Amino acid sequence: MRRIIFFYLASFGTSLLGNSITAIALPLVVLFTTGSPLSAGVVAIAAALPAALAGLIMGSLVDKINRRTAAFLSDVISAVALLILPIIDLTIGLNLGWFIAVAILNSFGDVPGITARETMVPAIAETVRMAPSRLIGLRESLSGASMLLGPAVAGILVATFEPVTVLWVTSGLAALAALLTLVIPKHAAVLSSTHEQDPAAKPAGWSMFHGLVIIFRSPLLRALVLLGMALAVVLAATQGMVIPVHFGFQGEPQFVGFVLSALAAGLLIGGGSFAALGQRIPQRVWFFTGLVLVAVGISTIAFLGPVWSIFAGAAIVGIGGGSMTAIVGLAFIENVPDSQRGTVLGAQNALMTLVPAAGIGVASVLIELDGLSLATTVLAAIWILSAFATLLSPKLRRLGEGAAEKSLQAS
């Protein structure tokens with residue numbers, strides 16, 4: 001039983017670590033090859049849009065085949081996509097067209113792979129007789145650890161080798177994640193209670209937008225997804241624009257990486273705390289504590305005070321975000337029938353793929369209009385207003401008290 005947990009978490013962590021390293025190395029490869037920052041932006045957009053479509057399209061497929069198989073195939077796609085670039089570099093030479101083509105191919109591995117592993121949680125937990133809350137907490141801790149290690153490992157590799165050479169490593173990590181996934185027994189990815197068709201759930205079908213329909217018909221899921229999108233906007237804008245611009249203007253760009261590390265350490269603490277204590281404390285307490293902590297952390301960062309205060313704010317945001325994200329993951333398990341879980345999580349992940357670019361874009365416009373103070377004020381206001389709206393939601397105030405929502409049955 002422990003072996004199944006080990007291989008599930010190892011495959012998840014390996015895949016996430018590879019993605020984290022790729023996020024650092026790939027823009028550098030594009031920049032060094034083309035000499036154009038704009039080209040790096042074009043490749044990022046080329047990756048985001050197909051990734052969102054892949055999440056919408058492939059979510060229903062995850063519900064129709066074994067989730068372990070879906071995760072394995074996704075990792076193979078990522079491994080092959082990342083392997084193409086160093087091979088092309090050694091043969092005919094890279095150009096922008098190759099980067100865009102590989103970004104599109106790789107997008108059909110990333111989001112479906114995340115979705116498949118998320119949908120496996122209830123079956124894995126049932127097989128090993130572990131509470132889903134604990135498994136989700138361990139998974140969120142791994143996310144924080146990957147965010148913490150990824151940039152550091154990427155920095156070492158890029159300093160040691162050519163950036164394009166690093167893609168051999170990331171391709172190998174994706175392949176290793178695929179092999180680790182295969183070691184998980186096939187039966188461990190299927191809930192015993194769902195061998196028979198759930199009479200309360202209609203087949204998801206192949207409609208691209210079916211997952212979005214389910215989310216936005218459900219008051220609880222709709223509120224959770226909108227809150228998650230608000231958090232993604234604020235975090236992406238803060239990490240991707242506000243912090244780099246602030247420390248760039250201060251002549252201290254070396255601190256940007258440390259802020260990301262503080263955030264990742266907070267996520268590790270938040271997820272680990274939920275794994276250890278998730279069953280002893282009501283879900284709504286975890287959730288609303290997370291809301292408040294994120295608000296405190298974002299407000300602390302917004303003042304752009306001494307370096308230590310920005311680090312502290314990032315760590316507080318991480319702790320609150322880690323516990324809150326774990327609760328959101330658990331809520332999706334408890335309120336979405338297993339036969340529709342891939343469709344719904346695929347739609348959620350598709351939305352979350354697009355949101356960070358919007359956050360960075362909004363922040364850049366605000367900074368251009370009136371400097372960093374306007375941007376940080378607006379970002380803090382977005383989260384505080386989102387938190388207040390959440391506190392007023394009856395569904396979220398009763399989080400964890402009920403079973404699956406009736407509205408899902410009608411969808």
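The lining of the second largest cavity divides into 5 nonpolar, 2 polar and no charged residues (Ala, Val, Leu, Ile, Met, Phe, Trp, Tyr, Cys and Pro count as nonpolar, Asp, Glu, Lys and Arg as charged, and the others, Gly among them, as polar). The model is predicted, with local features requiring pLDDT of at least 70 and side-chain atom pairs pLDDT 80 or more, while totals for chains, interfaces and linings use all residues. Residues are numbered from 1 along each chain as its sequence is written, and side-chain values use heavy atoms, without hydrogens and water.

A cavity is a set of points, on a 1 Å grid over the protein atoms alone, where a 1.4 Å probe fits but cannot get out; lining residues have an atom within 4 Å of a point. Grid points are joined across faces, edges and corners, and a volume is the space filled by probe spheres set on the points. There are 2 cavities of 30 Å³ or more.

The second largest cavity holds about 50 Å³ and is lined by Thr238, Val242, Ile298, Ile301, Ala302, Thr376 and Leu379. At least two lining residues come from each of α9, α11 and α13 (338-391), with helices taken as DSSP runs (H or I, at least four residues) numbered from the N terminus. The largest share, 3 residues, belongs to α11.

The largest cavity contains about 60 Å³ of space. Its lining consists of Leu235, Thr238, Gln239, Val259, Leu260, Leu263, Ile298, Ile301, Ala314 and Val317. Two or more of these residues are given by each of α9 (219-250), α10 (255-277), α11 (283-302) and α12 (307-335). This lining has 8 nonpolar, 2 polar and no charged residues.

Key
On a 1 Å grid over the protein atoms alone, a cavity is a set of points where a 1.4 Å probe fits but cannot get out, and a pocket is an open set with protein on both sides within 12 Å along at least five of seven lines; lining residues have an atom within 4 Å of a point.
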